Amino acid sequence: MQLTHVAILPSPGLGHLIPLFELAKRLVVHHGIHVSFLVINTNEATTAQDQLLRSPTLPPGLEVVDLPLVDVSAITTDDITMLARLCVIAEESLKSLRSVLIGLALGKPNALVIDLFCTQAFQVCNDLSIPTYSFFTPSVTFLAFSLYLPTLDREVEGEFIDLPEPIAIPGCSPVRPGDLVDQVRNRKIDEYKWCLFHLSRLPLAAGIFLNSWEDLEPVSLKTIREHPFYLQIPTPPVYPIGPLIKQDEELTISDKEYLAWLDKQPPDSVLFVAHGSGGTLSSEQLTEMAWGLELSKQRFLWVIRTPRFLEKTQGVGMVVPSWAQQATVVRHPSTGGFLSHCGWNSSLDSVSNGVPMIAWPLYAEQKMNASLLTEEIGVAVKPVKGPGKKVIGREEINRVVRLVMESEEGKVMRHKVKQLGHSASRALETGGSSFDSLACVVKKWKGNQ
Ligand code: UDP
């Protein structure tokens with residue numbers, strides 16, 4: 001039988017690499033596909049990325065292929081935002097895509113799956129007759145927003161953030177201008193133009209994979225399937241195949257230390273505090289956080305990039321410098337709450353493991369995720385900053401931590417999120433909705449040879 005070979009192309013950054021790498025593993029292990037995982041490389045150090053991609057335990061059939069190195073020394077962040085920089089790097093790297101695809105050891109792939117900021121691939125694959133699918137890493141709700149952005153761009157004059165009312169978008173609850181994704185808050189800068197460029201090309205995909213599942217965001221899914229977002233181009237079929245979260249993590253000696261500490265704590269008793277791969281807090285906010293955690297008298301495990309503030313809290317807490325094996329921690333039976341920046345991967349880590357959240361959004365589309373998790377799905381609570389305050393105060397932190405960890409309201413939230421966690425596991429099992437959704441596309445790929 002002829003081998004089915006699929007190439008996968010993530011954008012740079014762990015929030016993109018992690019879910020697409022999980023997709024690669026699932027295709028290989030559950031569906032007998034061979035995968036070439038194409039990695040955009042720069043001359044910057046990437047320890048966590050290397051740990052992920054160079055693991056000795058990758059399944060046979062999954063090959064990591066490095067695209068030629070992009071020299072980023074000339075692309076500084078002084079005159080360009082993070083996302084615009086990422087898009088410039090991807091564009092530069094994808095100049096080699098045609099020759100890389102033709103030269104793959106397993107031959108030209110039967111399909112290419114691309115991430116959000118790699119849409120230059122559509123043209124290349126069109127020329128090579130390779131069907132191209134998108135993998136949308138944020139929420140389904142955010143996909144509805146993204147599909148509607150070109151319409152907003154046409155119809156709204158001035159800045160979206162100056163609109164007096166929440167913005168009505170098919171498939172989303174009305175979006176408060178204050179919750180808008182960072183990249184659309186100033187329409188004059190490059191970041192917005194890049195965002196609009198890539199998002200408006202979503203309909204060019206043969207299908208859109210979603211890192212979500214049927215039960216988590218049913219209203220947005222239904223709307224996307226039924227609403228005509230574009231006049232002439234139909235929205236491609238959408239395939240919820242998640243939650244794809246990190247499964248196996250390689251543990252260092254320091255990982256084993258905090259996990260041993262977690263092993264000794266009672267079930268659901270520890271609050272995990274982490275802000276994603278790029279989030280930081282001001283020193284004033286860090287001080288309030290340390291005080292708030294101390295006042296709450298709850299156990300906690302805190303991933304922090306500047307751990308010098310922490311003498312105060314050592315009695316019931318544990319501090320991990322810079323990076324923890326988050327999926328392993330959130331999955332641990334002692335973890336009972338997650339104070340998170342609400343990146344979509346972190347939100348999935350939490351919900352699929354039945355862990356209620358404290359929503360602490362920082363950047364990108366995290367404010368929209370926080371509203372979705374608190375107001376619609378009902379598995380998170382959001383602390384309030386208070387009028388005129390620069391930071392969230394210790395008393396408020398104390399309040400939300402206790403609410404999640406020990407109140408009756410917290411118990412209701414915990415019950416709800418545990419049910420969603422079970423539904424996530426069912427979706428991924430053989431015969432579950434996400435499993436079948438992926439199997440349906442795999443069947444097309446296998447039939448197309
Ligand atoms: N992550 C981790 N350890 C950390 C911080 C993050 O393993 O200390 C992982 C986390 O499990 C998730 C990803 O990094 O898969 C972060 O993605 P997310 O979308 O939550 O946020 P981003 O970092 O992209 O803002």
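In what sense do strand S1 and S4 pair, and over how many bridges? Strand S1 (residues 5–9) and S4 pair in the parallel sense over 4 bridges; strands count as paired if DSSP finds at least two bridges between them. Strands (E, at least two residues) and helices (H or I, at least four) are DSSP runs, numbered from the N terminus.

The model is predicted: local features need pLDDT of at least 70, side-chain atom pairs count only at pLDDT 80 or more, and totals for chains, interfaces and linings use all residues. Residues are numbered from 1 along each chain as its sequence is written.

Strand S4 (residues 111–115) is mostly covered, with 5 of its 5 residues buried. A residue is buried if 20 or more other C-beta atoms, placed from the backbone, lie within 10 Å of its own. Ala111, Val113 and Asp115 point one way from S4. Leu112 and Ile114 point the other way.

The largest nonpolar core has 128 residues. Such a core is a set of buried Ala, Val, Leu, Ile, Met, Phe, Trp, Tyr and Cys residues joined through C-beta atoms within 7 Å. Ile8, Val113 and Ile358 have the most contacts inside this core. Contact requires C-beta atoms, placed from the backbone, within 7 Å. Leaving aside neighbours within four places in sequence, isoleucine 358 is in contact with residues including Val400, Val401 and Val404.

Conventions. Buried ≥ 20, exposed ≤ 12 C-beta atoms within 10 Å, placed from the backbone. Contact = placed C-beta atoms within 7 Å.
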